[in-house]
Amino acid sequence: MAKNNGEDSKPARTKADIEADLAAARTRLSANVASLIDEIHPNRIAERQVEGVKQMASAEFDNAKSQFIDADGNARVGRIVAIGGAVAGAVAFLILLKVLGGRHDK
């Protein structure tokens with residue numbers, strides 16, 4: 001260890017200081033390695049992917065729900081009636097095509 005002749009403004013480090021610095025560095029390194037292992041482990045990657053899909057599905061469900069339910073929890077009757085009318089029209093159209101197609105074959 002070099003002597004401190006007043007030229008260096010830093011006080012000399014003790015053995016305890018060096019050991020504390022090494023322990024802190026060891027702890028940081030251990031945490032970084034654990035974090036890296038967690039980041040690249042196949043099971044964790046799969047878990048993150050599943051969680052992402054769940055969040056996306058939940059967001060899409062909430063988005064679709066908001067099309068029929070307003071912020072107060074009340075049904076948006078106008079939209080529900082419009083969708084119901086469109087579905088009924090599509091079904092009626094398909095029935096009409098089947099009926100007309102059946103007449104054409106005879």
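1. **Ground rules.** In this predicted model, local features need pLDDT of at least 70 and side-chain atom pairs count only at pLDDT 80 or more, while totals for chains, interfaces and linings use all residues. Residues are numbered from 1 along each chain as its sequence is written, and side-chain values use heavy atoms, with hydrogens and water left out.

2. **The overall layout.** You'll find three helices and zero strands here, and the order along the sequence is α-α-α. Helices (H or I, at least four residues) and strands (E, at least two) are DSSP runs, numbered from the N terminus.

3. **How much is covered up?** Of the 106 residues, 0% count as buried. Buried means under 20% relative accessible area, exposed means over 50%, and partly exposed is in between (1.4 Å probe, protein chains only). The protein exposes about 9,400 Å², and carbon and sulfur atoms supply 63% of that area. Accessible areas come from the Shrake-Rupley method with a 1.4 Å probe, and for residues only the protein chains shown count as cover.

4. **Where α1 meets α2.** Helix α1 covers residues 15-40 and helix α2 covers residues 42-68; they pack at an angle of about 60°, with axes 5 Å apart. Axes are lines fitted to C-alpha atoms, for helices over the stretch in contact, and angles run from 0 to 180 degrees between N-to-C directions. So α1 and α2 are oblique to each other. For reference, angles under 35 degrees count as roughly parallel, over 145 as roughly antiparallel, 65 to 115 as roughly perpendicular, and the rest as oblique. On the α1 side the contact uses D38, E39 and I40, and on the α2 side P42, R44, I45 and R48. Contact means heavy atoms within 4.5 Å.

5. A salt bridge is a side-chain nitrogen of Lys or Arg within 4 Å of a carboxyl oxygen of Asp or Glu. D38 and R44 meet at 2.8 Å, N to O, and E47 pairs with R44 at 2.7 Å between the closest N and O atoms. E47 and R44 sit three residues apart in helix α2, so about one helical turn separates them. D38 is partly exposed at 34% relative accessibility, R44 is partly exposed at 28%, and E47 is partly exposed at 43%.

6. **Another pair to look at.** The whole structure has three salt bridges. One of them joins R13 and D21, with the closest N and O atoms 2.6 Å apart. R13 is partly exposed at 43% relative accessibility, and D21 is partly exposed at 41%.

7. **The nonpolar patch.** F68, I80, I83, V87, V91, I95 and V99 make a nonpolar surface patch of about 580 Å². Patches are made of residues with over 30% relative accessible area and no salt bridge: like charges are joined within 9 Å, nonpolar side chains (Val, Leu, Ile, Met, Phe, Trp, Tyr) within 5 Å. Helix α3 (residues 77-105) gives the most to this patch, with six residues. V87 lies in helix α3 and is partly exposed, with a relative accessible area of 49%.
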